[in-house]
Amino acid sequence: MQINNGKVSVIIPVWNAHDYIRRCVDSIVNQTYENLEILLVDDGSTDDSLQICREYEEKDARIRVFHKENGGQGSARNLALDHCTGEYIGFVDNDDWIFPKMYERMVELIRKYGADVARCDDLSDETEIDKENLAEETTCGGKQYHELIYCDIWGGHVTDRLFKREVIGDWRFPHSKTIEDMRFMRQILPNIRLEAHTSEKLYFYTVRQNNTSFVYARTFINSYERAEEYQSRYEEACSKYPEYKETLLTKSTTFACGSMRILLKEKKGNSEEYRKMLQFLKKNRKSITALKKLPVKYKLFLIMAR
């Protein structure tokens, strides 16, 4: 790949990643697409992650290392966004890794279809790595794409995507414990005219029981944050996108009920979070009851909720 095909800035937040950061960074420095700027942001690690990052910085001029107090993945990404210089911007989590041709293929897709974003498939099962990886290319844009992202029918992950710089612009990741990708994609959605996709599995997502996603998934936080986001989108859709209302109200209700069940189990039925979810259900009781695709168990929960 010629180095004059546009620099790709790859942003990696790093936190206590001693066991897996080397595999992550190695997979990026060994990309077939060599015109890279690799930004490693140590988010207040208490292990030797920063030292490992510095070692890579000394060996590869494309690597830049930043250090900050712990503030979460979103804040680490935002620091890198303030400093990156690439024509394209990608994100990799510090415990994941990517296949050698990922960014070559992503840039190729953007240029081939005149797209604003490229996306690949991912996998998390190592037994699948050596299986045939067929490349079926598709594009999606306009109203269809807006609905798929806004209604969260397609996942709103940023790690399996490559963005043109102007798509992100001055937007930054909002504070969130579990769904910063989803909220970020909502912000930049108006800037995306077309997304090109390949079915090739080029991003490996590592499943760990102690990573942030799994830790919060065992509490009410993930369901609660998703319910908040769906409710916000539903309220906006009532005036802007009425055709989305049923889908978003269904999701708002299921995740509200899910978070409330966990809060009750944790004996937090008097918490501010529980009361906020209950208020939404009561406010929209009539519309929720009329939902055709909402399972009966949620309608029963609505009747019994206090």
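A pocket is an open set of grid points with protein on both sides within 12 Å along at least five of seven lines, and its lining residues have an atom within 4 Å of a point. With that in hand, welcome to this predicted model.

**The second largest pocket**

Let us begin with the second largest pocket, which holds about 150 Å³ of space. Its lining is made by Glu228, Gln231, Ser232, Glu235, Lys276, Gln279, Phe280 and Lys283. Two elements, helix H9 (221-240) and helix H11 (272-283), each give two or more residues to this lining. Sorted by class, the lining has 4 charged, 3 polar and 1 nonpolar residues.

**How H9 and H11 meet**

The helices H9 and H11 also pack against each other, at an angle of about 35° and with their axes 11 Å apart. The crossing of H9 past H11 is left-handed. On the H9 side, the contact is made by Tyr224, Ala227, Glu228, Gln231, Tyr234 and Glu235. H11 brings Glu273, Lys276, Met277, Phe280 and Lys283 to the contact. Together, the residues of this contact divide into 5 nonpolar, 5 charged and 1 polar.

Next comes Ser252, which sits in helix H10 (residues 245-265). Is Ser252 buried or exposed? Its relative accessible area is 0%, so Ser252 counts as buried, the cut-off being under 20%. Beyond its neighbours within four places in sequence, Ser252 is in contact with Ala227, Tyr230, Gln231, Tyr234 and Phe280. One of these, Gln231, is 21 residues away from Ser252 in sequence, yet the C-alpha atoms of the two are 5.3 Å apart.

**Helix H3 and its cover**

Turn now to helix H3 (residues 73-83), where Gly74, Ala76, Arg77, Asn78, Leu79, Ala80 and Leu81 are buried. What covers these buried residues of H3? The cover includes the strands S1 (8-14), S2 (36-43), S3 (63-68) and S4 (88-91), along with helix H6 (165-168) and helix H7 (180-188).

| Residue | Phi | Loop | Relative accessible area |
|---|---|---|---|
| Asn16 | about 45° | between S1 and helix H1 (21-29) | 21% |

Terms used: Residues numbered from 1 in each chain as written. Predicted model: local features only at pLDDT ≥ 70, side-chain atom pairs only at ≥ 80, totals over all residues. Heavy atoms only, no water. 1 Å grid on protein atoms, 1.4 Å probe; cavity = no way out; pocket = protein on both sides within 12 Å on 5 of 7 lines; lining within 4 Å. Points joined across faces, edges and corners; volume = space filled by probe spheres on them. Helix = DSSP H or I, 4+ residues; strand = E, 2+ residues; numbered from the N terminus. Nonpolar A, V, L, I, M, F, W, Y, C, P; charged D, E, K, R; others polar. Axes fitted to C-alpha atoms, helices over the stretch in contact; angles between N-to-C directions. Left-handed = near helix turned anticlockwise from the far one by under 90°. Contact = heavy atoms within 4.5 Å. Buried < 20%, exposed > 50% of the residue type's maximum accessible area, 1.4 Å probe, protein only.
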